[in-house]
Amino acid sequence: MAATDPTQVQKALKGAHYPSDKRELEQLAKKNGADQQIVKKLHDAKRDRFDSPAQVQEEVFGS
């Protein structure tokens, strides 16, 4: 399985509005045809709400 990169995450969350609930982002990623690895990382996120795309990137890729 190929590693997830920031561009894939941006494409998966195209159209997202912040702040956003992690479940909303997960559903949007599915709708946008995101790789299952990205959807899983959103699903398993420790945080329930994201205030910005930067927070999503931190969650997916670590600080």
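This report describes salt bridges in a predicted model and the places of their residues in the fold.

Local features are taken only where pLDDT is at least 70 and side-chain atom pairs only at pLDDT 80 or more, whereas totals for chains, interfaces and linings use all residues. Residues are numbered from 1 along each chain as its sequence is written, and side-chain values use heavy atoms, with hydrogens and water left out.

A search of the whole structure finds five salt bridges, a salt bridge being a side-chain nitrogen of Lys or Arg within 4 Å of a carboxyl oxygen of Asp or Glu. Three of them, including the pair Lys22 and Asp48, are listed here with the N to O distance.

| Salt bridge | N to O distance |
|---|---|
| Lys22 and Asp48 | 3.9 Å |
| Arg23 and Glu26 | 3.2 Å |
| Lys30 and Glu26 | 3.8 Å |

Lys22 lies in helix 2 (residues 22-31) and Asp48 in the loop between helix 3 (36-43) and strand 2 (49-50), so this pair ties together parts that are 26 residues apart in sequence; helices (H or I, at least four residues) and strands (E, at least two) are DSSP runs, numbered from the N terminus. Lys22 is buried at 7% relative accessible area, while Asp48 is exposed at 52%, where buried means under 20%, exposed over 50% and partly exposed in between, with a 1.4 Å probe and protein chains only.

Within helix 2, Arg23 and Glu26 are three residues apart, and Glu26 and Lys30 are four residues apart, in each case about one turn of the helix.
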